[in-house]
Amino acid sequence: MSPVSGLLGVLLLASAARGFGILPGNSRSHQEITEEAILNVTVQVCRALAEAEGNDFALPSQPFTASGVAAACRAEGSVKSFRRAIGSITLRNVRVDLLEALNASFHFDDETFVSGRDIITEGLQTVKADNKRQNFEAAQDSLGETLHTLQDFYSHSNWAENGNALPNSNLIRPDASIGNLADESRATCRSCDGDDCRNNILEDIAREQILTTGYFAVIPGTASKPTGKCSHGGALDLTSRIEPTGGINKDTFESEHGFLHAEAAALATMATSEILEDVRRAAGNQPFLQMLGISRGSGKALCFVIDTTQSMSDDIAAVRSAASSLIDGQAGTDDEPSAYILVPFNDPTFGPPIRTSDPEAFENFLDDLTASGGGDDEEPSLSGLQLALTDAPRSSDIFLFTDAPAKDRQLRSTVIALIERTQSAVYFLITQTTANGRRRRRQNRPQAPGRIAESDARLYEELAEAAGGLVVELRQDELQEAVGIIGQMSRSSLVTLARGSGTPGDDGDFTFVVDQTVGDLQLLLTGPSSLITVTDPQGGRQEFNAMSLRPVGNLQTLRLRPQVGRWRVAVQSPNAYALKAVGQSPIDFLFDFVEYVPSQNTFDVLDTRPRAGANGSLLVTLTDADAANVTRVVLAEVAGSAEVPGDVEALGRGRYLVRVPSVPSAPFVVRVEGNAPDAAGEASPFQRESATSFRASNITIKAQAARNLVPGTPLSVPFSVTVRGTGGNVSIRATTNNPLYAADAPGSLPAEPGASANGTVALSVPLNTPSGTTVTLVIEAEGPGGGGDVNYVVLRISVLNPVSDFAPPACELLCVVRCVRNCRAAPWHLLVMVSDGAEGTGVERVSLARGNGTLYVRPAPDNRNVTLATYDALCGSPDVELLVVDNVGNADTCSFNAFTASGGGRAAFFLSWAALAPQLGRARPGAWSPAEFGPVLKSRRETLGSCGRGFRSAKVRPFLEIFPLGGSVR
C-alpha cells in the first residue's frame, strides 16, 4: 500500500488550498505546501510513537502550527528548533526558483521527465545519507531543494488533467517507470481559445494517459518548442506566443490552468508527505524528528570543546565533574539537549568531533579524555572551536575549556563568520595555571597570577561578544560552580532581553522590558565592577558591589524578582565588562538576513554579511505565533545607543518581513518588540534581542556550489567579489571543516571599485569519505589594504558516493506457526529471512513497524546481505509489519498475519534450509554446527521446536540447546 494512503486522513484535515507561488498570496505557495506536509507527517510520526509507547495522543487543533504540533509531540522545548527546521527547508525550496530559474529539469519544463526525476532521486539519496551521519541541517537543505522539483511536477505537468487523485509515487523511485511519456514528435496541445485554456490539451493525450509538460523560455531569441507542444504559459513565457499558444501551468489560480490549481496543490502536498514518509522509514522515527528539530527536550545541542594538553591534566577532572552535574540536571527535562558533541584539541592535533544523543555515552567519552602533549604557551583553541561550530546545529551552546591563549589567531575571522551564520552561543572558561604566569614573566606583562594576558583574553572576549557568550576567568576549584551558572544558559526557553559591554572607565546604562511571560530573571556580568545599580519598573533602586555579588572568578550573577515593565541597569567600572540580561519565556524569535530579488519578486536568504550603509531586509519569525505579535524591529549598535528601525510587514503564521533603510557599519544586534496578551487579555509590550551580534561589510561576495561532492573528483566552486570604495587587491581565504578536505583558492583578486572580480575554489575530499559527510566551505574576502573589512560566504556541501542499489531488501517467509484456533492467549511464531540481494548494499535495519509481539534479529555470519528475524506474539495480536531498510536507505515493509500466513511445520522448516543454504554458502543443514546455526536464527526455543517437528530428534535437539544464545531484540 502507498505510504500516502496512511496520511490521507490527516491531509484531509488541512485547510483549503490557497496558493502555489513563492510568496504567500491568494494561491498556495511552495512554502505553504511544504510546511503543511511537514506538520501533517510530524503529527503522524508522533502519534505512532505515542501508540508504540502505550501513551495517549491528542491531535493538535486545526490548522496545525509548529507550536501546537510540538506540544502534541510532548516536545514543547523544541518549538524554536522545529520552526527553524521548517524555515530552512521552505527557504531552500524557494531558492531553487532563484538559482535554477532557467534550468528546465528543476521544474519539469520542456518534458524533462527523466532528468527531473534524477534530481529528485539523487536529492532523496543525499537526504538519507545526511541523516545517517546525523548531519541534519545538511539534510534540511537537500530536502528543501528536492521538494521544489517534486512539487513543480504537479503544477507543470498534466498529471492533474489526466484525472489522477493520488501522486506519482514512481517519481521517487529511480528504477521505476514515471508513466507513458510523450514522444518528442507527439503533439500534445492546441492553441487556447483566447484566454480560455480549459480544452487546450488534446483529447487523445488524456485518453491514453500520456504525460507532458509545458515548454518555457524567457530570453529573447531562445524561445522555441517542437511542433504541437504545450507551453508553460504566463506573461514571461515567450514560447506561449508560438503555436499552439497559451499554457498549462497551475502555479496560481490566475494561471492558464488555474482552474486545477487546488487539485495540483493538493497532489503536491500529498507527494511531499510521501517523500517525507520515505525519509522517515529510511532514518527511523527519532532521527527523522531530529532532522525536523523535534526532540523530547530542548532541540539544542550541548557542545564541549576541551583543551587536552598536559597543563590541563587537573582541570579535565574538574570539567568531567562539572559536565556530569550539568548533564544529569538536564536529563529527562525540557532542557535535555538533543545531541551532545565533544571536540578535544591538543597541539598540533584537534578533533575529530564526537557526537551522540546518549548522555551516558557522552559522559563516558569525557571519562576517556587524558591530558598529554602541548609544551608551549599557546594551543589551537580556535581550530577546535571551528570544528564545533561546523558540526553543531544552529543555536547550539558551546563551552570551551582551556588555560592557554590561541595560537591559531588567523582563524579569528573564520570563527566569527561561523558564529554569525550558526547564531550559536560560545562561553569560554579559562582556568589559571602556572604556565600562564611563566609566559607573562617572559614577556614582562603584569597580570594577576595564573591569568592569561589581557591581549590574549581580548581575542576570546571579541569572539564571546560576537556569539552572545561570556569569558569567565577562574580557578580550577571554581569550575564546578561556574559551569552550574553558565550551564543555565543552555535551557530551552532562555531568552535574551538585553546585552552590552563597556571598555575600561566606560560607564554603561542599559534598559530592557520584562513581560508577564518572563521568569527566572537574571543579570550576568563579567569583569570586575565597582557598582551596579538596578532600577525596577516601580522605581525601586538597589545597588550591588563585587562583595555583595559573590563573584565566581570574574563572573558575577544577580537573580531578580520579575516585574512587568521597563528595567534600568547602570554599571560603573574602571575595567572592561560584559553584561547579559536573560530570562525564561516561550516567546522568542528567529531571523535571517535576506536579499530582495526583483526578477522573481521574492527574497533569498543571505549566506554572507549584509551590505553596510545600504538598505537591507530580514525575515523574522516568532516561535509562538499565537502568543504575541511584532510591532517594531530595530538594528541596535552594540556600542552606544544608535539604532536603525525597520518597516514591519506581517506575512502570516508569525512571520514578518522587515525592511531597514541602512544597515549599520558598526557591530549590531537585532531587537524585536511587540505585544503579548496579559492574563486579562490586554496587550502588554515585550522585547527580545538576538544573542549573536552581526557586522555589515562594503564587500559583496557570492558563490554557488553543486548540491553534492563526489569523493576523489574535484568540485569547482565559482565565486565573485565586488568592492565599494577604493579598489585594489582583495585577499582571499578558503577554509574547510577538516584538514583532509582540500580547498585551493587564489590568494588575492584584483578588484576595481564597483566591478566584480571572479575566482574559483577547487574543492576535493579523499576517496574514502563516506556519503552523508558535510563539507563546510568558508570563502573570505578582505578589502584592499587589510583594513579589517571582511565578508564571507559559507557553503554546506554533502558528499555522495554513486549509488547503484535502488531496490529495498526483500522478505522471505521461512516458517510460521499459525493461529489455528480462535484463542487469543495462544502463541504464534514467525521466521523470516531478509535479504538485500547479491548486489545490494546490505541490510541495515529490521524493525517493527506494527505489532505487539517481540522481534529478534540476527545478521547472518559472513553475509551482510542477509538478516534472520523471528517474531513471537499471541493470537490476540495476529498482525505484524516489519520495516526493512538497506544501507543506502531503500526501505519497504513486509506484512504477515497469524491466520493467513503460509508455511509451518516440517515442510516449512525444510524449505528454510533450501532458502538459507545458497545465501549462506551451506549445502545442507548437516553442514552447520549448532554453534553456527543457533546465533543465525536467534529465536525462541519453541519456535524452532514447532517449525522442526518431524525431523529426527538428533537433528533438532542440538539446535534447541543453543537456541536462547546471542541475538538482539528490536
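Guide: This is a predicted model.

Visitor: What makes Arg733 partly exposed?

Guide: Its relative accessibility is 27%. Buried means under 20% and exposed over 50%, so a value in between is called partly exposed.

Visitor: How do you know that the side chains of Arg733 and Glu782 meet in a salt bridge?

Guide: The N to O distance for Arg733 and Glu782 is 3.3 Å. The rule asks for a side-chain nitrogen of Lys or Arg within 4 Å of a carboxyl oxygen of Asp or Glu, so the pair qualifies. The bridge links distant parts of the chain: Arg733 lies in strand β29 (residues 728–736) and Glu782 in strand β33 (residues 774–782), 49 residues apart.

Visitor: What makes Glu649 and Arg659 a salt bridge?

Guide: Their side chains meet at 3.1 Å, N to O, and the cut-off is 4 Å. Glu649 belongs to strand β22 (residues 647–652) and Arg659 to strand β23 (residues 655–660), ten residues apart.

Visitor: Are Glu649 and Arg659 buried or partly exposed?

Guide: Glu649 has a relative accessible area of 35% and is partly exposed. Arg659, at 38%, also counts as partly exposed.

Visitor: Which residue forms a salt bridge with Glu420?

Guide: Arg609 does, with the closest N and O atoms 3.0 Å apart. Glu420 is in helix α13 (residues 412–422), whereas Arg609 is in the loop between β18 (602–605) and β19 (616–622), 189 residues apart. Both Glu420 and Arg609 are buried.

Visitor: How many salt bridges does the rule give?

Guide: The count comes to 46. Salt bridges also link Arg92, Glu137, Asp141, Glu145, Arg707 and Arg796 in a network.

Visitor: Why is α13 called largely enclosed by the rest of the structure?

Guide: Ten of its eleven residues are buried, so the helix is largely enclosed. Among them are Val415, Ile416, Leu418, Ile419 and Glu420. Just after α13, Gln423 takes a positive phi of about 55 degrees.

Visitor: Why is α2 called roughly perpendicular to α6?

Guide: Helix α2 (residues 30–52) and helix α6 (residues 136–156) pack at an angle of about 105 degrees, with their axes 11 Å apart. Angles of 65 to 115 degrees count as roughly perpendicular, so the label applies to α2 and α6.

Visitor: Which residues meet where α2 contacts α6?

Guide: His30, Ile33 and Thr34 in α2 meet Leu147, His148, Gln151 and Asp152 in α6. By class, this contact has two nonpolar, four polar and one charged residues.

Visitor: Which residues have the most contacts inside the largest nonpolar core?

Guide: They are Phe82, Leu150, Phe153, Tyr154, Leu171, Phe288 and Met291, in a core of 53 residues. The elements that give two or more residues to this core include α2, α4 (79–99), α5 (113–132) and α6. Of these, α2 gives the most, with ten residues.

Visitor: What is Leu150 in contact with, leaving aside its neighbours within four places in sequence?

Guide: Leu150 is in contact with Ile120, Leu171, Ile172, Ala271, Thr272 and Ile275. A second, separate core of 37 residues includes Val426, Tyr460, Ala466 and Val778.

Key: Residues numbered from 1 in each chain as written. Predicted model: local features only at pLDDT ≥ 70, side-chain atom pairs only at ≥ 80, totals over all residues. Heavy atoms only, no water. Axes fitted to C-alpha atoms, helices over the stretch in contact; angles between N-to-C directions. Helix = DSSP H or I, 4+ residues; strand = E, 2+ residues; numbered from the N terminus. Parallel < 35°, antiparallel > 145°, perpendicular 65-115°, else oblique. Contact = heavy atoms within 4.5 Å. Nonpolar A, V, L, I, M, F, W, Y, C, P; charged D, E, K, R; others polar. Core = buried A, V, L, I, M, F, W, Y, C linked by side-chain atoms within 4.5 Å. Buried < 20%, exposed > 50% of the residue type's maximum accessible area, 1.4 Å probe, protein only.
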